[in-house]
Amino acid sequence: MQTLISEPLQLPIPELSNPEDLLNALLKLRETVEDEGRELFEQWRPGIQRRSFLISGLNFAYYLALRRQDLRDLQMALTPWGLSSLGRSEARVLPNLDAAIATLGAVCNRDPATLPKRPPLRAFFRGDRILNYRARAVFGSPSPSRRVRIMVTLPTEAAENYELVRDLLTQGANCLRINCAHDTPVEWEKMLGFIRRAEAETGYSCKVYFDLSGPKIRTGKLITSDKKKRLFLGDRFVLSAHKPKSQQQISNISCTLPEAIAALKEGDPVWIDDGKLGAIVDSILPEGVLLRVIHTRPQGEKLKTDKGINFPGTVLPLSSLTDKDLQDLDFVAKHADIVGYSFVQTAEDMRRLQEELRVRSPEKARTLAIVAKIETQEAVRNLPELIVQGASKQPFGVMIARGDLAVELGFQRLAEIQEEILWLCEAAQVPVIWATQVLESLAKTGIPSRAEITDAAMAERAECVMLNKGPFILEAVQILDDVLMRMQAHQSKKTPQLRALRSW
């Protein structure tokens, strides 16, 4: 067997090896960042109502201006001088640039009066302090030994099981989630009563997060053709805007949101059941669209009712607040600590929810926290505007809703986008929830997979981690608590802490 010997890795040699050239490049970059950042911030400023967001908003604008540049060569050129800090500048854009400039200026014997002043020490940690303050405003105080909060989704049984609610708090849950897609205000009120009772008995505080259902699009009535019960690559079926017709020779299934069907064009992708079944629009029909299957498991997929549908290539003409959401808000606005906004896509969507909350609960409108759930391509594209609209008015957070987001973006892009969302939110000093399938195998079966333990460790870079319900949820909270405590000694956001290694 032949042994393969790889060639030494050839790293590109940066052109900016001369400190004078490097200093001039940094000065030019700083000028660009300040000019473009200020211009963007001035566009936002008239709508910023919270004075505390002025500092964050300006740093956020600087960060967006900085990340418009390709900084890879510059970052590499800074490394031999011990100055490669641009990659950790989210919370302090100008201080990081100014510190690097001041150090290179000393190396080049530049007159300090001709350069930006070296920033004071407090400037490097102000962003971290603001972010920690905002995380407390949204999620409450963390556990004494853990920075990251744990959120748990309550099952229906929590309305009748006080011991479950109490045990979740004693095991380490800091926030409990009530999903408005399930149950009714009757059950929600019972859950709330148990949460407040558990707080009083245990001494642990707990925030209550109400998650609005949003316009979740699902499959409706199904009529299957006599010939096939499963769909395979190349098969076709009809997605109807209304009740399917029984005389169809191919499978026909309806959609709970007819307006979505009307927005589709030939070639648009459609994904069903969390991405298990993928198709594209072959043609437009009077009753709907003809879809051709492009993705299934080798054994094929069955069409099923009440499964989620995603249209990642289509901007849908729908309101993020449904009639059900508006009805639920009558209860939620009075009782929630945090409102989760499902399928929010634009700053106008955010303005509408803020107004609806103000009408229903004017005394809480400025203090009630909103969490924008980022789960569509449109929400990713509009994330800066969503952040500014939300955080400039009240306590605000962002959830990386990785389930729908993976289907919308493609699974291969999810890791990249979740990193970018974390960076943008840190730059705006907005807390983040890491959500979807965290320790899911553990919560459902009692045994975690290796991959999900690693995923839980990566979640330490957020301010809150969400667990879904399951028969082993208490064990999942225990293990997540342990993983997060261990990881915070090693990592804070993107910055290694360099704790002494004791494994060797």
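Student: Which residue in E8 does Pro-269 stand opposite?

Tutor: In this predicted model, Pro-269 stands opposite Ile-280 in E8.

Student: What makes E7 and E8 count as paired strands?

Tutor: Pairing takes at least two bridges. Strand E7 (residues 269-272) and strand E8 (residues 277-285) are joined by four bridges, and they run antiparallel. Four against at least two, so they pair.

Student: And where do E7 and E8 sit in the sheet's order?

Tutor: The order is E4-E6-E5-E9-E8-E7-E10, an open sheet of seven strands with mixed pairing.

Student: Why are E4 and E10 said to stand at the edges?

Tutor: Strand E4 (219-223) and strand E10 (309-310) each have a single partner strand, so one side of each has no neighbour in the sheet.

Student: How do you know that Arg-149 has no salt bridge?

Tutor: Check the distance. A salt bridge needs a side-chain nitrogen of Lys or Arg within 4 Å of a carboxyl oxygen of Asp or Glu. For Arg-149, the nearest side chain of opposite charge is Glu-463, at 6.8 Å.

Student: What is Arg-149 in contact with, then?

Tutor: Its contacts beyond four places in sequence include Phe-139, Asn-174, Glu-463 and Val-465. Arg-149 itself lies in strand E1 (residues 149-153).

Definitions and conventions
Residues are numbered from 1 along each chain as its sequence is written. This is a predicted model: local features need pLDDT of at least 70, side-chain atom pairs count only at pLDDT 80 or more; totals for chains, interfaces and linings use all residues. Side-chain values use heavy atoms; hydrogens and water are left out. Buried means under 20% relative accessible area, exposed over 50%, partly exposed in between (1.4 Å probe, protein chains only). Lys and Arg count as positive and Asp and Glu as negative; His and the chain ends are not counted. Contact means heavy atoms within 4.5 Å.
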